[in-house]
Amino acid sequence: MSSLLEGIMSRFSRIAEGALYLKDLFDFFEIQPTIRSLPNATLIPVPIQEGFTFENVSFKYANSKEYAIRHLSFHLKKGEKLALVGENGAGKTTLVKLLARLYEPSEGRILLDGVDLKNYNLADLRANVGIIFQDYIRFQLKAGENVAVGNITNLTDIPTIRDAAKKSLADTVIEHLPEQYEQFLGKRFKDGVELSGGQWQKVALARAYMRDAQLLILDEPTSALDARAEHEVFERFTELITGKTAVLISHRFSTVRMADRILFLEYGKMLEYGSHEELIEKNGKYAELFHLQAQGYV
């Protein structure tokens with residue numbers, strides 16, 4: 001009897017412990033996004049006429065004393081390719097997340113064609129932004145599904161998936177797999193195939209092309225690629241974004257110099273802004289780092 005009672009009490013104790021985790025789970029399900037569309041929000045203009053404008057924008061993460069972005073003002077013109085340059089922690093990724101309205105500015109505002117981003121429909125805004133971050137996810141799914149994640153509404157649209165893979169050069173990877181677009185990637189499932197870092201990156205890059213976006217954002221999208229593959233990816237990228245606006249983050253100046261304009265960030269503030277030729281002539285921090293990197297090829 002004593003042993004049975006002890007067992008019953010032990011089970012009640014484990015149920016109570018499990019209930020604590022369940023409460024955390026239900027609390028998580030009840031979380032609502034803090035960034036939402038305003039009532040009667042307008043749709044994104046098609047095509048964009050003027051571009052994006054940062055007006056004295058600052059951003060600080062929760063519970064942080066330091067600003068990640070501070071007093072940033074610049075204009076990203078329609079159809080312009082902008083490169084963001086700076087050391088790690090300079091605020092480059094934070095800037096593009098503000099541009100896609102994944103974050104809200106702590107101060108200042110961001111305008112699109114003269115209208116505050118807050119006044120646009122959030123779902124429509126994000127549908128017009130194709131973005132790949134450096135910390136992309138390697139989904140243990142089929143190759144076609146890995147690409148379709150970029151626009152999940154087209155999960156069964158095989159022609160669109162194949163077209164996106166072709167644009168990112170991921171088709172050269174997928175078509176050599178045993179089951180091609182039906183092939184499971186990763187080793188979690190039986191008969192799954194593991195890819196190299198560069199191959200995964202091409203698959204992830206295809207997600208950005210799944211949308212007919214007016215703004216493409218690439219956050220160090222080729223860090224795992226060799227020099228030849230990176231050059232091919234950006235040559236293709238330049239061809240495909242004609243008439244569209246693009247923002248790219250890269251530490252390789254051979255890639256950065258392809259941009260129309262370069263924004264050099266330091267400690268979340270604009271240090272230099274201009275074309276590659278203008279910044280080299282200015283002989284500032286950008287020129288210093290460019291020549292420093294170039295020395296490795298001499």
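Good morning. I begin with an open sheet of 6 strands, whose order is 6-7-8-3-9-10 and whose pairing is mixed. Its edge strands are strand 6 and strand 10, each of which pairs on one side only. On average, neighbouring strands of this sheet are turned by 15 degrees against each other, direction ignored. Please keep in mind that everything I describe comes from a predicted model.

For those new to the subject, a word on sheets in general. Strands of a sheet pair through backbone hydrogen bonds, and the pairing is either parallel or antiparallel.

Let us look at the pairs around strand 3. Strand 3, residues 81-85, is joined by 4 bridges to strand 8, residues 245-249, and the two run parallel. Within this pair, Ala83 stands opposite Leu248 of strand 8. Strand 3 also has 4 bridges to strand 9, residues 261-266, and this pair too runs parallel. Which residue of strand 9 is the bridge partner of Ala83? The partner is Ile262.

Strand 9 and strand 10, residues 269-274, are joined by 5 bridges and run antiparallel. Here Leu263 has Tyr273 in strand 10 as its bridge partner. The two strands form a hairpin with 2 residues between them, and in the turn Tyr267 has a positive phi of about 55 degrees.

Which helices are placed against this sheet? Helix 2, residues 92-99, lies across strand 3, strand 7, strand 8 and strand 9, and runs at about 155 degrees to strand 8. Helix 7 packs on the sheet as well, touching strand 6 and strand 7, and its direction makes about 165 degrees with that of strand 6.

In general, rolling a probe the size of a water molecule over the atoms shows where empty space is left. In this model the largest pocket holds about 330 Å³ of space. Its lining consists of 16 residues, and those nearest its centre are Ile131, Ile132, Val149, Gly150 and Arg211. Strand 6, residues 129-132, and helix 7, residues 197-208, each supply at least two residues of that lining. The largest share, 4 residues, comes from strand 6.

Strand 1 and strand 2 run antiparallel and are joined by 6 bridges. In that pair, Val57 stands opposite Leu72 of strand 2.

I turn next to some points of backbone geometry.

Consider Asn63, which is not a glycine and yet has a positive phi of about 65 degrees. Asn63 lies in the loop between strand 1 and strand 2. Is Asn63 buried or exposed? Asn63 counts as exposed because its relative accessible area is 84%, and the cut-off for exposed is over 50%.

Arg101 is likewise not a glycine and has a positive phi, of about 55 degrees. This residue is placed in the loop between helix 2 and strand 4, residues 107-112. Arg101 counts as buried because its relative accessibility is 4%, and buried means under 20%.

The peptide bond between Val46 and Pro47 is cis, with omega at about 0 degrees. Pro47 is found in the loop between helix 1, residues 2-29, and strand 1, residues 51-59.

I finish with the protein as a whole. It has 11 helices and 10 strands. Its C-alpha atoms fill a box of roughly 90 × 50 × 45 Å, taken along the principal axes. Of the 298 residues, 42% are buried. Finally, among contacts between residues at least 6 apart in sequence, 67% join residues at least 24 apart. Thank you for your attention.

Technical notes. Residues are numbered from 1 along each chain as its sequence is written. This is a predicted model: local features need pLDDT of at least 70, side-chain atom pairs count only at pLDDT 80 or more; totals for chains, interfaces and linings use all residues. Side-chain values use heavy atoms; hydrogens and water are left out. On a 1 Å grid over the protein atoms alone, a cavity is a set of points where a 1.4 Å probe fits but cannot get out, and a pocket is an open set with protein on both sides within 12 Å along at least five of seven lines; lining residues have an atom within 4 Å of a point. Grid points are joined across faces, edges and corners, and a volume is the space filled by probe spheres set on the points. Two strands pair if DSSP finds at least two bridges between them. Buried means under 20% relative accessible area, exposed over 50%, partly exposed in between (1.4 Å probe, protein chains only). Axes are lines fitted to C-alpha atoms, for helices over the stretch in contact, and angles run from 0 to 180 degrees between N-to-C directions. Contact means heavy atoms within 4.5 Å.
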